[in-house]
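Trainee: I would like to learn how to read salt bridges and cavities. Please take me through them one at a time.

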Amino acid sequence: MEHRKLPHGGEEIGVLGIGTGSLHAAPPEEIRAVAETAVANGINFFDLCAGGKSVYEPFGRAIEGRRKELYFQLHFGAVYNAAGEYAWSRDLSEIKETFAREMKALRTDYVDFGFLHCIDDDGDFDDIMRGGIFDYVTGLRRDGVLRHIGFSSHTPSVANRLLDTGVCDIMMFSINPAYDFERGDELGIGTVRERAALFRRCEAEGVGISVMKPFHGGQLLSAKTSPFRCALTKNQCIQYCLDRPAVLTVVPGVRGLGDLKELLSFVGSAREERDYSVIGGFTPEAAVGSCVYCNHCQPCPAGIDIGLVNKYYDLALAGDGMAANHYGKLSVKADACLGCGHCDGRCPFGVAQQAKMHEIAAYFGK
């Protein structure tokens, strides 16, 4: 299992995580087995949103004695009634009560990532600011109960407002080709360029991303339901997400051991099984000409890591002060381009990489 480091804090997070929103229907012994099997296979990141009491108690028993090896997200705004049914709330007293019950069921005295839950429009942002929720969460971090503050959202403009607060170390966001190429549902909010700019901002500012909805609710896995009328595999979708800037981990939901074992096939799978270059044929006009760092242009005869060179360039333009330093440490830079055109012919997104290398070399050469 590959692990990626959270820029603010340094936690090493496995690239494949687990979402538990659909796990509540499984029997307690299977929920516990899912947690234990996941950990045994290198998964150390869990999103516990919408799990409720039916998930928290067996999960808490499963991680007992291994708490320091694992990281999980709890969402402030996701609440549960007496029957354990999931709902949203912006009522601070209800949120505090839910959090106390969650901590007890999970048998822990701290939470790795405390998330402001589903901040999808400006009204949601205003509610958490006016209702005391934002202050409550920042206070918990100050007291050491939360190690990091994050948020979940589907909306780039609102996500940028939360990033502007300067307190967030991680963002949970919906990423998949349908959403990113403006072919999703009502939750695939933002244009191609708005979403790409948000991901670049996160990387430039050291904010990690945990990914929700990598399969577009399963629709991308079938030609009948995919908006592209072409099926992708789970491994292709996961790799697509992991190639986006700032992404630390992808957290697909599981319903039980069967789903988990299917996801674990990603670990150790061949590069060809993860190759999502087929989506080059799905690319809308708005995305043509934009490098997504997929490196399908490789191998470069001159030895240039074209995807990485583009990434450092985009991050520099986004204001990342370290991007030029990282670029400068590359053993082969953009000015090594031979002008052979190999990359232009292979790019699934129609990027004129040959011309781009000259542009990038001139930029960093100043």
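Trainee: Is D124 buried or exposed?

Mentor: This is a predicted model. D124 counts as buried because its relative accessibility is 12%, and buried means under 20%.

Trainee: Which side chain does D124 meet in a salt bridge?

Mentor: Side chains of opposite charge can pair when their charged atoms come close. Here D124 meets R90, with 3.5 Å from N to O. R90 is partly exposed, at a relative accessible area of 22%.

Trainee: Where do D124 and R90 sit in the chain?

Mentor: D124 belongs to helix 4 (residues 122-130), while R90 lies in the loop between strand 7 (86-88) and helix 3 (92-106). The two are 34 residues apart, and the pair links distant parts of the chain.

Trainee: What does R67 form with D112?

Mentor: A salt bridge, in which the closest N and O atoms are 3.0 Å apart. This pair too links distant parts of the chain: R67 is in the loop between helix 2 (53-63) and strand 5 (71-76), D112 is in strand 8 (residues 111-116), and 45 residues separate them. R67 is buried, with a relative accessible area of 12%, and D112 is buried at 4%.

Trainee: How many salt bridges are there by this rule?

Mentor: The count comes to 17. One of them joins E2 to R4, with the closest N and O atoms 3.0 Å apart. E2 is partly exposed, at 43% relative accessible area. Salt bridges also link D122, D126 and R161 in a network.

Trainee: Which classes of residue line the largest cavity?

Mentor: There are 10 nonpolar and 4 polar residues, and no charged ones.

Trainee: What lines the second largest cavity?

Mentor: The second largest cavity contains about 70 Å³ of space. Among the residues lining it are C291, Y293, H296, I306, F349 and Q353. By class, this lining has 8 nonpolar, 4 polar and no charged residues.

Technical notes:
Residues numbered from 1 in each chain as written. Predicted model: local features only at pLDDT ≥ 70, side-chain atom pairs only at ≥ 80, totals over all residues. Heavy atoms only, no water. Nonpolar A, V, L, I, M, F, W, Y, C, P; charged D, E, K, R; others polar. 1 Å grid on protein atoms, 1.4 Å probe; cavity = no way out; pocket = protein on both sides within 12 Å on 5 of 7 lines; lining within 4 Å. Points joined across faces, edges and corners; volume = space filled by probe spheres on them. Salt bridge = Lys/Arg side-chain N within 4 Å of Asp/Glu carboxyl O. Buried < 20%, exposed > 50% of the residue type's maximum accessible area, 1.4 Å probe, protein only. Helix = DSSP H or I, 4+ residues; strand = E, 2+ residues; numbered from the N terminus.
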